[in-house]
Amino acid sequence: MIPAEILKKVRRIELRTRYLVDTVFSGEYHSVFKGQGMAFAEVREYQLGDDIRSIDWNVTARMGHPFVKVFDEERELTVMLMVDASASGDFGTVSQMKGEIGVEICALLAFSAIQNNDRVGLIVFTDDVEVFIPPKKGRMHVLRVIRELLYFRPRRRGTDIGAALDYLNRVNKRKSVVFLVSDFLASGYEAALRVSGKRHDLIAVVLQDPRERELPDVGLVELEDAETGREILVDTSDREFRYLFRQLNDRAEKRRDRVFRSVGIDRVDIHTEETYVDALMRFFRKRAQQIAA
């Protein structure tokens, strides 16, 4: 039995994300993610400027004047949402946790997909794949995906992005649009990312909080690694310590960015101190410009 509180959250997220899909994201998703090919639609009379390679010679011979074949884009896509549910997602120092923002982004992407008659699937992972929902169409299916994300409680705390990508490639042979939603506070996923990037249209959605990059001067603070439970007492009033903390995280971000560039996948940077709507719109518009170029 799903608690009433979860159902209310699902409804709130549906109302908010459907409004954004209908008003802000209208046309953006469709223009960025193309179908799998072209499907025959009809035959019509030849018009000046038509490509002669599209002439249907059988109909032309039968009718006595030129006719051409018309094709429409095969719109149907498979969209896979891959969500990192490790313990590091339960962190946020602004208005929401990283994991909460990730759920709303997934809802927005899922409703955008079904509005375009695409199929949506879900993989939730920690250091193991804990949930797999096969791709399907329809509003009720998307609501199930959102309920799963809100109701889900992980059994494990760690992160294994590589294992999750390997699982994706085993269960989903068809080329898909894959949104990998994670803070990417992990390592060892480069090879799997490269393989998945070749098989699928893979987009990294990177969740970040400002306190993961830089600490404020607030005196003695006990820090805990959410995934290992390890604790350490630090003095944030120490300028050198804050500098080293920032340097350490800068190097980690640069390593991650080099991996993304070497693999050649797209990315969306989501910061908890900013609205994710603006970040997604920048991504859609940039990608649309790349396609048009």
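What follows is a talk about charges, salt bridges and surface patches.

Modeller: Gladly! This is a predicted model, in which local features need pLDDT of at least 70 and side-chain atom pairs count only at pLDDT 80 or more, while totals for chains, interfaces and linings use all residues. Residues are numbered from 1 along each chain as its sequence is written, and side-chain values use heavy atoms, with hydrogens and water left out.

Biologist: Why is the pair of Glu14 and Arg139 called a salt bridge?

Modeller: The term asks for a side-chain nitrogen of Lys or Arg within 4 Å of a carboxyl oxygen of Asp or Glu. The closest N and O atoms of Glu14 and Arg139 are 2.7 Å apart, so the pair meets that limit. The pair links distant parts of the chain, with Glu14 in helix 1 and Arg139 in helix 5 (residues 139-151), 125 residues apart. Helices here are DSSP runs of H or I with at least four residues, and strands are runs of E with at least two, numbered from the N terminus.

Biologist: What makes the contact between these side chains a polar contact as well?

Modeller: A polar contact is a pair of N or O atoms within 3.5 Å; within protein, one must be able to donate a hydrogen and the other to accept it, and residues adjacent in sequence count only if both atoms are side-chain atoms. The side chains of Glu14 and Arg139 make such a contact at 2.7 Å.

Biologist: How do you know whether Glu14 is buried or exposed?

Modeller: Buried means under 20% relative accessible area, exposed over 50%, and partly exposed in between (1.4 Å probe, protein chains only). Glu14 has 4%, so Glu14 is buried. Arg139, at 37%, counts as partly exposed.

Biologist: What makes Glu130 and Arg155 a salt bridge?

Modeller: Their side chains meet at 3.8 Å, N to O. Glu130 lies in strand 5 (residues 129-136) and Arg155 in the loop between helix 5 and helix 6 (161-171), so the pair ties together parts that are 25 residues apart in sequence. Glu130 counts as buried because its relative accessibility is 11%, whereas Arg155 is exposed at 60%.

Biologist: Which residue forms a salt bridge with Arg287?

Modeller: That is Asp266, at 2.8 Å, N to O. Arg287 sits in helix 9 (residues 276-292) and Asp266 in strand 10 (residues 266-271), so parts 21 residues apart in sequence are tied together. Arg287 is buried at 11%, and Asp266 is partly exposed at 25%. Salt bridges that share partners also join Arg256, Asp257, Arg267 and Asp269 into one network. The whole structure has 17 salt bridges.
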